[in-house]
Amino acid sequence: MSSMIRSTRVKSLTSVAARDIPKTKEEIKSKLPFLTSTEIRRQKIPYNDAVISELREEGSHEAAEYFEFLFDLEEQTRRVAGPDTVVWNKPRLRDNEELVDRLRKVFTIFCRRTIPAASRTMSLIETAVFVQNLGWEWLWVADSLYRTAVWIAKEIKEKDKQVVSVLRYVYARFLFYELNDAKTALEHVRAAQRDSREKPWNASKILGFKQENLFRECCTLLQKVLLSIARDVRDSEVELSVNSCRVALSAACESGHEESVAQAHHELGKSEIAAGNVKEAIKHFSRGLAILERIPDPLGICNAHSEMALAHKMTGDHDKVFEHLEKFKDSAEKFNLQDKLAEAHWLAGEYHLSQDNPKEATPNLEMSLSLYTRIGEMKKASRVRCLIGVSRGQEMMDVYKALIMRSIKGDVQATLNLCRWRDRGEGFDKIPIHEKEKASKDAENEGFLS
């Protein structure tokens, strides 16, 4: 009977263009003998209101109230956002008849107290995953479904605890990846990891794709959540950041994924640097690098050498800084990572410049500029270009100081060079190379440049 009713459903007058109203009226009239009172009501009032009325007539008052809650929540959110905003213009639940029908079925199920709590919870999880995959516009509906599932799961008996663990894991994934809510996700994934230890549980069927053992998946997710929190609080709560990374490292080891362990070492190293524990940071960077080279992970290797160079710079070990900068360059070139090669030359140029060595800094920076320009990274290219100006200026300044010193000693050529620069704006690049070198050498011998 329901299939016949569905096949005879026609458009409502409010959903058609003004020019099509007469035609739609005739269509409605022609079908009146085949329509039930329920279908007639659906032509008279909005579909969402009709569904709520039908649920109340069936005695499903809780389901009707849940629908009203969702519709009211959507309208409140739209009003807060205001007209002509993304939230205002996105599709509305009350206009999505197909989704309303699907939700009606699951609401009717979870409101029946005679159905076991585990079954009602699973029905909500499956629907939440379905709605989640419809797109970002419906994430708020999925979140409401997950919250309701968590509430009902409190009634689940011990023998069905697998359902609770699967719910907490799936909800944690949703919170972390879709809503960027790492703190709330942490609560759920920790509980799921604890309860799934040494259990042969799996969430593949619910999620629709292959997964490992639920415990290992929880460990992997826990590592990602904790590292995300560590990054967020690294500047404000460094102790919390370090502790989060340590727990993340432990979870990564239990996950059995080497790349997760390497990532945890890397982030723990960065947090240790923020805490002022540079030697500890170097240990973790080294352990992470060893794993990355074994996997191998080209991008991770480059990042590890970059962090190692920074750490050794803080300890004043210049030889180690240069060693890792060169390995950074070699790795980026070996794996054909042009952006990383540009970054390596940039860092090398900056470091040489900080060591008052513009002769080495300038060619590194020029190479970085060339690479960034080639790959279209114009913002980074502009920043490097500024450093090239500083480096070249430093080279010129050294020569300028040396020329002044030679001029004071009565060197006529040096005096003429200074006069040509002052009167004609002739740059020091016009000075023969052998004169530049002689001027700089004289200045160093006299201690003028120090």
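Tyr66, Phe69, Leu70, Leu73 and Glu74 in α5 meet Trp140, Ser144, Leu145 and Thr148 in α9, where a contact means heavy atoms within 4.5 Å. The structure is a predicted model, in which local features need pLDDT of at least 70 and side-chain atom pairs count only at pLDDT 80 or more, while totals for chains, interfaces and linings use all residues. Residues are numbered from 1 along each chain as its sequence is written, and side-chain values use heavy atoms, with hydrogens and water left out.

Two packed helices are described by the angle between their axes and the distance between the axes. For helix α5 (residues 61–81) and helix α9 (residues 139–153), the angle is about 140° and the axes are 11 Å apart. Axes are lines fitted to C-alpha atoms, for helices over the stretch in contact, and angles run from 0 to 180 degrees between N-to-C directions. α5 and α9 are therefore oblique to each other; angles under 35 degrees count as roughly parallel, over 145 as roughly antiparallel, 65 to 115 as roughly perpendicular and the rest as oblique. The crossing of α5 past α9 is right-handed. A crossing gets that label if the near helix is turned clockwise from the far one by less than a right angle, and left-handed if anticlockwise.

What about α10 and helix α13 (residues 214–233): at what angle do the axes cross? The answer is roughly 30°, and the axes come within 11 Å. That makes α10 roughly parallel to α13. This crossing of α10 and α13 is left-handed. On the α10 side sit Ser165, Val166, Tyr169, Ala172, Arg173, Phe176 and Tyr177, which meet Leu214, Glu217, Cys218, Leu221, Lys224, Val225 and Ser228 in α13. Sorted by class, the contact of α10 with α13 has nine nonpolar, two polar and three charged residues.

Zooming out, the protein has 23 helices and zero strands. Helices (H or I, at least four residues) and strands (E, at least two) are DSSP runs, numbered from the N terminus. Of its 450 residues, 45% count as buried, that is, under 20% relative accessible area, with exposed meaning over 50% and partly exposed in between (1.4 Å probe, protein chains only). Among contacts between residues at least 6 apart in sequence, 56% join residues at least 24 apart.

In soluble globular proteins, nonpolar side chains tend to be buried together. The largest nonpolar core here has 80 residues, and Phe67, Leu93, Leu103, Phe107, Leu145, Tyr146 and Tyr169 touch the most other members. Helix α10 (residues 161–178) gives the most to this core, with eleven residues. A nonpolar core is a set of buried Ala, Val, Leu, Ile, Met, Phe, Trp, Tyr and Cys residues joined through side-chain atoms within 4.5 Å. With neighbours within four places in sequence set aside, Phe67 is in contact with Val51, Ile52, Leu55, Val100, Leu103, Arg104 and Phe107. Apart from this core lies another one, of 17 residues, including Phe328, Trp346, Leu369 and Tyr372.

Histidine 345 is in helix α19 (residues 338–354) and is buried, at a relative accessible area of 14%. Neighbours within four places aside, histidine 345 is in contact with Lys329, Asn364, Leu365, Met367, Ser368 and Leu371. Serine 53, in helix α4 (residues 47–58), counts as partly exposed at 26% relative accessibility. The C-alpha atoms of serine 53 and alanine 64 are separated by 7.7 Å, with the two residues eleven apart along the chain. Arginine 374, found in helix α20, is exposed, with a relative accessible area of 57%.

Then there are the loops. Aspartate 84, in the loop between α5 and α6 (86–89), has a positive phi of about 60° although it is not a glycine, and is exposed at 72% relative accessibility. Aspartate 356, in the loop between α19 and α20 (358–374), has a positive phi of about 55°, again without being a glycine. Its relative accessible area of 63% makes aspartate 356 exposed. Finally, a cis peptide bond joins isoleucine 295 and proline 296, with omega about -10°; proline 296 is in the loop between α16 (278–294) and α17 (298–315).

How values were computed. Ala, Val, Leu, Ile, Met, Phe, Trp, Tyr, Cys and Pro count as nonpolar, Asp, Glu, Lys and Arg as charged, and the others, Gly among them, as polar.
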